[in-house]
Amino acid sequence: MKPQLTSVGSYNVDYYIVVDRLPMPGETLRARELYVGHGGKGSNQAVSAARLGASARLIAAVGNDEEGREALRFLSSEGVDASGVSVKQARTGRAYIIVGGGQNMIVVDPGANSMLSEEDVLRSLPRGGALMASLEVPLSAVRAALEAFNGIRVLNPAPATPEARDLARLADVITPNEVEALQLTGASSPAEAAERLLELVPAVVITLGERGALVAERGRGRAVLEAPRVEAVDPTGAGDAFNAALAHSLACGLDLVEAASVAVRAASYKVTRKGALGLRASELLSLGLELPCSR
């Protein structure tokens, strides 16, 4: 049976500039490649979940422009339920991404994302399954989703804001990356950050990039999960692929450590490809990763 995953978050058109390395302040570099793709944390997580075989729904906002219409066509082509995507009298959100040396820099113009309302969310929120929430949309909309949802609630506090600490109290699992975890807690290490975050939320998974992930649960200690060695091409969307695989695995009944282990591998394999979207279940299987609920 397919797990039901719902993503509340952003949709952006991603404009990529590929260079040999990231520029320093004031430096001019020549681009090796330019291309446009689909992005936004909410959309990335929903599409990545659908590619894993989930029944995926996106609750988001796009503009009443050609980019918004193309977003709806794209989501449909990926098998994502886009009935919860509102069309606003605004431009569709955009992200400008510089990729070089296996790293990236991102600037976001939110556009219609900033208009997603509590009413938009509550009108489209299903019952059960797992919820993936991220913070590139108004926090009032995210709060409404977390308060109303009656399944597994996974909060990806990106970008990290002071308000994210309050939202964390409404989640079952919080999934910051290392930088976000330190920003949210003022801690000096991921382990310390995890302990502080456990005061807010029952479970924490801190992603550590090529070093894997740190998993911590109240009353169950910590586990450090190593990532497979890969050659990174584009890290954009790795966290979104991680969250999709984590929520998918949790909805399929795996415990948190097992689910995070699957997510670490899914995210690691994602960075070997260009673009912000996770790999399909068949691609992961060819790399030796069989997903739960896949039979």
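**Pairs, a disulfide and packed helices**

Modeller: Happy to, and let's begin with one side chain: arginine 273 is partly exposed, with a relative accessible area of 35%. Buried means under 20% relative accessible area, exposed over 50%, and partly exposed in between (1.4 Å probe, protein chains only). This is a predicted model, where local features need pLDDT of at least 70, side-chain atom pairs count only at pLDDT 80 or more, and totals for chains, interfaces and linings use all residues. Residues are numbered from 1 along each chain as its sequence is written, and side-chain values use heavy atoms, with hydrogens and water left out.

Biologist: Got it. What does arginine 273 meet in a salt bridge?

Modeller: Its partner is glutamate 283, at 3.0 Å from N to O. A salt bridge here is a side-chain nitrogen of Lys or Arg within 4 Å of a carboxyl oxygen of Asp or Glu.

Biologist: How many salt bridges does the count come to?

Modeller: The count is 21 salt bridges. One of them joins arginine 69 to glutamate 66, with the closest N and O atoms 3.3 Å apart.

Biologist: Why are arginine 69 and glutamate 66 separated by about one helical turn?

Modeller: Because they are three residues apart in helix 2 (residues 66-77). An α-helix has 3.6 residues a turn, so residues three or four places apart point the same way. Arginine 69 is partly exposed at 43% relative accessible area, and glutamate 66 is partly exposed at 41%.

Biologist: What about glutamate 195, which residue does it pair with?

Modeller: Glutamate 195 forms a salt bridge with arginine 222, the closest N and O atoms being 3.3 Å apart. Glutamate 195 lies in helix 7 (residues 190-197) and arginine 222 in strand 13 (residues 221-225), so the pair ties together parts that are 27 residues apart in sequence.

Biologist: New topic: how many disulfides does the count come to?

Modeller: The count gives one disulfide, where a disulfide is a pair of cysteine sulfur atoms within 2.5 Å. That disulfide joins cysteine 252 to cysteine 293, with S to S at 2.0 Å. Cysteine 252 is in the loop between helix 8 (238-251) and helix 9, and cysteine 293 is in the segment after helix 10, so the pair ties together parts that are 41 residues apart in sequence.

Biologist: At what angle do helix 8 and helix 9 pack?

Modeller: The angle is about 145°, and the axes of helix 8 and helix 9 are 8 Å apart. Axes are lines fitted to C-alpha atoms, for helices over the stretch in contact (heavy atoms within 4.5 Å), and angles run from 0 to 180 degrees between N-to-C directions.

Biologist: Last one: is helix 1 enclosed or open?

Modeller: Helix 1 (residues 41-51) is largely enclosed by the rest of the structure, because eleven of its eleven residues are buried. Among the buried residues are Lys41 and Arg51. Helix 1 is followed by glycine 53, whose phi is positive, near 105°.

How values were computed
Helix = DSSP H or I, 4+ residues; strand = E, 2+ residues; numbered from the N terminus.
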